[in-house]
Amino acid sequence: MTYALGVDIGGTKVAAVIIDQHGKILYRAEVLSNRVDREKMFKQVVKSIEIVLANSSLEISDMKGVGVGVPGKVDRKNGIAIFQNNLPWTNFPILERLRDYFSVENIVIDNDVYMAAFAEWKVSNTLDKDTFVYLTVSTGVSCSIIHEGSFVRGTGFAGEVGLFPVLADTAPNGIQTLEQSASGPAIQRLAQKHFNRSDITIQDFFDEYRKGNPAALATMSEIVKSLAHGIYSVICLLDPHKIVFGGGVINHNPFLLDLVRKELQHYLIPEQHATNRMQTSHLKENAGIVGAGLRGMECSVRLSKSSWGV
């Protein structure tokens with residue numbers, strides 16, 4: 001059996017898993033993040049790895065590779081976490097620090113959305129030559145593109161669809177960014193505005209929507225319109241063979257995708273209709289960490305599906 005270690009670093013927690021060559025999670029450990037001190041935050045990353053190794057009775061030398069998913073801007077080549085707005089790191093040399101601490105070389109880092117995209121691409125039914133998009137709607141909104149087996153990175157900021165201006169009914173000029181309109185925090189702010197309640201949570205809002213509350217229906221209509229507008233920009237630009245939707249907002253409320261599909265009918269021309277183009281995440285909350293493990297296992301420039309039997 002081949003093992004790899006995946007680490008998912010977030011503002012709330014650090015998770016580490018050991019996976020096999022099929023992407024199956026064998027062991028898992030989680031520790032809390034430290035959002036105040038950069039060295040204490042690094043120690044939490046180390047701690048998560050040490051715990052999962054201890055749980056497994058395996059050694060770091062038993063791992064074919066280690067993949068580390070980091071939010072925000074990442075310098076993959078030099079292994080630096082450049083900027084993370086929810087972590088106490090700026091230009092933090094995480095790759096060098098982990099290599100020094102564990103005395104292993106086969107470690108790769110990448111943005112956490114790219115890690116999730118890699119895992120979802122692995123289990124998708126797309127061909128190696130297809131264009132694949134993974135779009136996450138969570139605390140932020142972002143996407144990652146894999147075209148003909150390689151990530152599309154542009155100059156390093158490709159996929160930041162959350163910055164794209166979209167229709168937003170209650171915005172001052174009727175337009176704001178997709179992230180300001182449809183991310184988790186944005187949904188909560190909209191719900192507070194429509195309900196005129198500062199204490200309403202995002203879960204309260206979805207519960208009220210399911211009950212048919214008129215304020216919730218109006219809020220949802222605005223959210224879906226913004227989402228559909230943003231997704232239509234992706235379709236027009238890339239015409240991808242598949243778009244997989246993940247992130248906490250979608251994973252916990254998969255019915256959103258049907259609403260977006262319906263709204264998209266206002267935009268799509270016949271040539272843009274594609275059967276089963278849009279799907280929800282297969283791996284859900286494990287996409288990022290499984291992707292990190294798989295990237296660690298492959299540690300190659302060229303992505304491949306062949307080693308995972310799909």
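Predicted model: local features only at pLDDT ≥ 70, side-chain atom pairs only at ≥ 80, totals over all residues.
## Helix α6

Helix α6 spans residues 202–211, and its buried residues are Phe 205, Phe 206, Glu 208 and Tyr 209. They lie on the same side of α6, because the arc they cover around the axis is only 160°. The buried residues of α6 pack against α5 (184–195), α7 (214–238), α8 (248–252) and α9 (256–264).

## Salt bridges

The whole structure contains 13 salt bridges. One of them pairs Arg 295 with Asp 110, with the closest N and O atoms 2.9 Å apart. Arg 295 belongs to helix α10 (residues 287–298) and Asp 110 to strand β8 (residues 107–111), so this pair ties together parts 185 residues apart in sequence. Arg 295 is buried at 7% relative accessibility, and Asp 110 is buried at 2%.

Lys 13 forms a salt bridge with Glu 30, at 3.5 Å between the closest N and O atoms. Lys 13 sits in strand β2 (residues 13–20) and Glu 30 in strand β3 (residues 25–32), 17 residues apart. Lys 13 is partly exposed at 38% relative accessibility, as is Glu 30 at 41%.

Within helix α9, Asp 258 and Arg 261 are 3 residues apart, about one helical turn. Their side chains meet in a salt bridge of 2.7 Å, N to O. Asp 258 is partly exposed at 48%, and Arg 261 is partly exposed at 32%. Elsewhere, salt bridges with shared partners join Lys 13, Arg 28 and Glu 30 into one network.

How values were computed. Residues numbered from 1 in each chain as written. Heavy atoms only, no water. Buried < 20%, exposed > 50% of the residue type's maximum accessible area, 1.4 Å probe, protein only. Helix = DSSP H or I, 4+ residues; strand = E, 2+ residues; numbered from the N terminus. Arc of directions from axis to C-beta. Contact = heavy atoms within 4.5 Å. Salt bridge = Lys/Arg side-chain N within 4 Å of Asp/Glu carboxyl O.
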